[in-house]
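User: I have a model open and some terms to sort out. Can you take me through them one by one?
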Amino acid sequence: MAEYFLPLSMIVVLIAGIFSGYPVAFVLAGVGILFTFIGDVPLVFLNTVSSKIFSGTLTNWLMLAVPLFVFMGLMLEKSNIAKNLLLSLEKMFAQRPGGLALSVTIVGVVMAASTGIVGASVVMLGLMALPVMIKQNYSLPLAAGTICSAGTLGILIPPSIMLVLVGDILSISIGDLFMGAIIPGVMLGGLYAAYILVTTWLDPSKAPPAPKSESATTGDALMLMLKHLVAPVLLILGVLGSIVAGVATPTEAAAIGALGATILAAVMGQLTRKNLIDCVRETTLTTAMILSVAIGATVFSAIFKRVGGDYMIEDAVLSIASGPYQTLFLIMALIFVLGFFLEWIEISYVILPLFAPIIAGLDFGFGNSGITLTWFAVLVAVNLQTSFLTPPFGYALFYLRGIAPPELGISQIYRGIIPFVLIQIVGLGLCIAFPALVLWLPTIVSN
């Protein structure tokens, strides 16, 4: 235990720094530099770290996909495509209990495959659907849980910023990750919809149907929905289709998506000077935040490994778990708990480099460490999606609370997300028990 005093101390100081409220990027870098001196690490080692930051992050062409995907999501949100789709779905399902909640979930899946921006999705769905849900006397916890869970699908269903960063950290194919995450992401959306259907069937008063005056004929509603589906489907095909067909890298596909979203906004009459400036500003802030955390985490991880942190983690995991699946469950449980307190970005950059070598060295029966890491990366992505929903620091909860009326309190939001967090855990368990849910599409596309 004595030989692991320094890495343990780094973890304690890091946790204290995070809970102090100081920016996480600076905490990560500061703790790393502090323990460079405490651990008597040669200062020349920091030159190696700076070279790693420059070559691995700042000049990494793959990182160009991050601002492009962010811009695409923000511009698509400005185009009102999601609003039109939600309105058409609302008319289609108006006469059944939970119809609006089902509409929100479907829009969440469609927009997740088009944007990948959780904050924008939750706020957009909340502003459009929450007032109508309250007007129709929906159960407030059910309304809150539906909006938050549907909005967070964007971090998992490709094109996803999380998958781009995780793929870069683990040095695996982004295209394979995108293909591997499609079925789990859509499956989670289906599980959300199944929960809503069962809940409203058992107790229709939790989600009453809309008044008949607000509905439309089934044929008209279906035609309207298909019309509003055309734009996002074309964008999805342009981005994911170009990657699958092999005609574009993920970065080039992100550029196609950004251009496509801008064209759609222009077609919808929403490409105004104000919207363009807002999108560029938000893209800059989001990208700067991600890169700052990446730089800080690189400093922390390098020093942590230098003082023996990677050996400490490996010894701790292997001493508790005796087999590959026990090790995997232990790592998934740790990531799930960390999701209560940390953002997915910090978890990805700090935890994944430590655990990836352990997972790659285990035998899950795939016979290929690259396939194993692809499966592991998607499991981590499903797990990290939960971090947006878990209190006390679930960001989706605060996004919704920020735009919610006074009658929807934070305690009701917390109660509403509990069933959806449990659904997330079920979905994660299914992906572990049935690896084909993750690996089938990448295998088909590769062949």
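Analyst: Start with axes: they are lines fitted to C-alpha atoms, for helices over the stretch in contact, and angles run from 0 to 180 degrees between N-to-C directions. This is a predicted model, where local features need pLDDT of at least 70 and side-chain atom pairs pLDDT 80 or more, while totals for chains, interfaces and linings use all residues. Residues are numbered from 1 along each chain, and side-chain values use heavy atoms, without hydrogens and water.

User: What makes α7 roughly antiparallel to α8?

Analyst: Helix α7 (residues 118-135) and helix α8 (residues 140-152) pack at about 155 degrees, with axes 8 Å apart. Angles over 145 count as roughly antiparallel. Therefore α7 is roughly antiparallel to α8.

User: Which residues of α7 and α8 make the contact?

Analyst: Contact means heavy atoms within 4.5 Å. Among them are Val118, Leu125 and Met133 of α7, and Leu140, Ile147 and Thr152 of α8. The contact residues divide into 11 nonpolar, four polar and no charged. Here Ala, Val, Leu, Ile, Met, Phe, Trp, Tyr, Cys and Pro are nonpolar, Asp, Glu, Lys and Arg charged, and the others, Gly among them, polar.

User: What classes of residue form the lining of the largest pocket?

Analyst: That lining has 20 nonpolar, four polar and six charged residues. Its largest share, nine residues, comes from α13.

User: What does the lining of the second largest pocket have, by class?

Analyst: The lining of the second largest pocket has 18 nonpolar, no polar and one charged residues. Helix α1 gives the most to that lining, with five residues.

Definitions and conventions. Helices (H or I, at least four residues) and strands (E, at least two) are DSSP runs, numbered from the N terminus. Angles under 35 degrees count as roughly parallel, over 145 as roughly antiparallel, 65 to 115 as roughly perpendicular and the rest as oblique.
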